[in-house]
Amino acid sequence: MNAPVVLSPVPREKWRSMLASDPASLPDQAPEWVDAMVEDGPFSDASRLYSFADGREALLPLVRRQGVAGLGGWLQSFPPGWGIGGLLGAETDKGMVQSILSDLRGLHLQRVAIRPDPQRWAAWAQALDQDAVDGGELGGSLLVIPRRAHVIDLSNGVDAAWMALSKSARRGVRAAKREGVRIETGHSGALLEAYYSLFMTSIDRWAANQHEPRALAHARARRRDPLAKLQSMGRHLGEDFTVTLAYVDGKPAIGTITLFGATAHDTRSAMDKALVGGTGAGELVQWTTLRLACAKGCAAYHLGESGQSLALAKFKEKFGALPRDYAELRLDRLPWSRADAAARGVVKRVLGFRDV
């Protein structure tokens with residue numbers, strides 16, 4: 001395939017047009033999502049529009065993080081904690097992906113990282129033939145990091161979504177209604193302070209399970225997901241940014257943050273496990289957001305990264321989610337990723353950290 005014509009950054013009207021015409025696009029791929037990143041951190045819009053000779057187009061949302069002293073730098077789609085990136089464009093295939101990866105390699109940056117849509121992994125997988133991975137067409141090493149996410153198909157509507165729930169999930173929804181669990185929904189950042197309190201409660205629980213010092217866990221959480229970052233997301237996405245809270249005995253017990261577009265993305269959740277107990281509040285929150293996604297006409301509902309956690313996979317699958325194996329790709333000029341993984345491994349061994 002001939003090298004495409006590249007335009008960067010992508011004009012907003014063009015970007016929004018491609019987003020609207022792609023029935024499987026993610027809310028994370030909206031230009032407003034990149035605006036939130038630019039406002040919150042040391043990033044700039046580096047989106048790239050690829051125009052091919054046969055008339056096809058693909059758009060890669062990207063942000064650039066400047067390197068030390070303005071040198072090198074990273075391109076990411078997207079940074080950790082900022083959701084799913086990858087390509088917009090319904091006709092993307094193996095040849096297009098290989099051309100795009102070759103273009104990115106030619107930028108000679110210290111790192112280019114891409115976390116594609118798990119639902120669209122096939123074109124990326126086909127592009128990563130052995131010659132390319134070993135340094136053929138792409139030139140140089142390409143690190144492929146296996147990942148697993150869960151996705152719910154909503155194409156058959158709300159009744160089918162209800163029947164796709166497990167019997168225990170449906171029982172939980174009914175139990176929560178009998179128990180008087182109250183649901184509250186806010187948009188554009190409303191309810192975030194109550195959600196954030198639940199989030200820090202969850203951090204305490206996760207730290208205990210993982211054998212991580214509480215102070216370290218809180219510091220990492222506030223660095224990765226400060227309240228100001230979530231508020232920036234809400235401001236830029238507006239009505240497409242939804243916080244859903246369930247109240248037990250008048251207190252916030254469990255909450256989610258869901259992004260809406262052509263598809264939906266349940267991007268964050270937190271709870272007070274002791275307060276939720278056996279009330280079914282978790283099932284009711286999830287069903288509430290699923291119904292909202294169906295009402296908005298979303299074709300799919302992404303439940304996010306599951307990793308190798310059997311407990312997390314089991315919880316997601318009770319709502320009709322299916323596993324999607326895919327990979328994050330990293331083009332590193334130097335072995336940054338391997339060095340980072342080795343350093344993290346040393347720290348985890350010192351702390352006795354347990355991945356759960």
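Helix H2 lies across strands E2, E5 and E11 and runs at about 150 degrees to E2. The model in which this packing is seen is a predicted one. The protein has 14 helices and 14 strands, and 49% of its 356 residues count as buried. Of the contacts between residues at least 6 apart in sequence, 75% join residues at least 24 apart.

**The sheet**

Eleven strands make up an open sheet of mixed pairing, in the order E2-E5-E6-E7-E14-E8-E13-E12-E11-E10-E9. Its edges are strand E2 (43-45) and strand E9 (182-187); each has a single partner strand, so one side of each is left without a neighbour in the sheet. On average, and with direction ignored, neighbouring strands of this sheet are turned by 25 degrees against each other.

Strand E5 (residues 63-65) and strand E6 run antiparallel and are joined by three bridges. In one of the pairings between E5 and E6, valine 63 has glutamine 76 of E6 as its bridge partner. Strands of a sheet pair through backbone hydrogen bonds, either parallel or antiparallel.

Helix H8 covers residues 192-210, and its 19 residues should span 27 Å at 1.5 Å a residue; the end C-alpha atoms are 26 Å apart, which agrees. Just after H8, histidine 211 takes a positive phi of about 60 degrees.

The buried residues of H8 are Leu192, Tyr195, Tyr196, Leu198, Phe199, Met200, Ser202, Ile203, Ala207 and Gln210. An α-helix has 3.6 residues a turn, so residues three or four places apart point the same way. The buried residues of H8 pack against helix H9 (214-224) and helix H10 (227-237), and also against strand E10 (241-248), strand E11 (251-260) and strand E12 (264-271).

Threonine 256 belongs to strand E11. With a relative accessible area of 3%, threonine 256 is buried. Leaving out residues up to four places away in sequence, threonine 256 touches Tyr195, Thr242, Val243, Thr244, Asp266, Arg268, Ser269, Val285 and Thr289. Among these contacts, Tyr195 is one of the buried residues of H8.

**Aromatic rings**

The structure holds four aromatic pairs. One of them, formed by tryptophan 33 and tryptophan 82, is edge-to-face, with 5.4 Å centre to centre and 75 degrees between the planes. Tryptophan 33 lies in helix H2 (residues 31-40), while tryptophan 82 lies in the loop between strand E6 (74-77) and helix H3 (94-105), so the pair ties together parts that are 49 residues apart in sequence. Tryptophan 33 is buried, at a relative accessible area of 0%. Tryptophan 82 also counts as buried, with 3% relative accessibility.

Two charged side chains lie over the faces of aromatic rings, as listed below.

| Charged residue | Ring | Distance from the ring centre |
|---|---|---|
| Arginine 111 | Tryptophan 74 | 4.2 Å |
| Lysine 296 | Phenylalanine 260 | 5.3 Å |

Phenylalanine 260, which has lysine 296 over its face, falls within the residue range of strand E11 (251-260). Tryptophan 74, which has arginine 111 over its face, falls within that of strand E6 (74-77).

How values were computed. Residues are numbered from 1 along each chain as its sequence is written. This is a predicted model: local features need pLDDT of at least 70, side-chain atom pairs count only at pLDDT 80 or more; totals for chains, interfaces and linings use all residues. Side-chain values use heavy atoms; hydrogens and water are left out. Rings of Phe, Tyr and Trp (its six-membered ring) pair if their centres lie within 6.5 Å; planes under 30 degrees apart count as stacked, over 60 as edge-to-face and the rest as tilted. Helices (H or I, at least four residues) and strands (E, at least two) are DSSP runs, numbered from the N terminus. Buried means under 20% relative accessible area, exposed over 50%, partly exposed in between (1.4 Å probe, protein chains only). A charge sits over a ring if NZ of Lys or CZ of Arg is within 6 Å of the ring centre and within 35 degrees of the ring normal. The expected span of a helix is 1.5 Å times one less than its number of residues. Contact means heavy atoms within 4.5 Å. Two strands pair if DSSP finds at least two bridges between them. Axes are lines fitted to C-alpha atoms, for helices over the stretch in contact, and angles run from 0 to 180 degrees between N-to-C directions.
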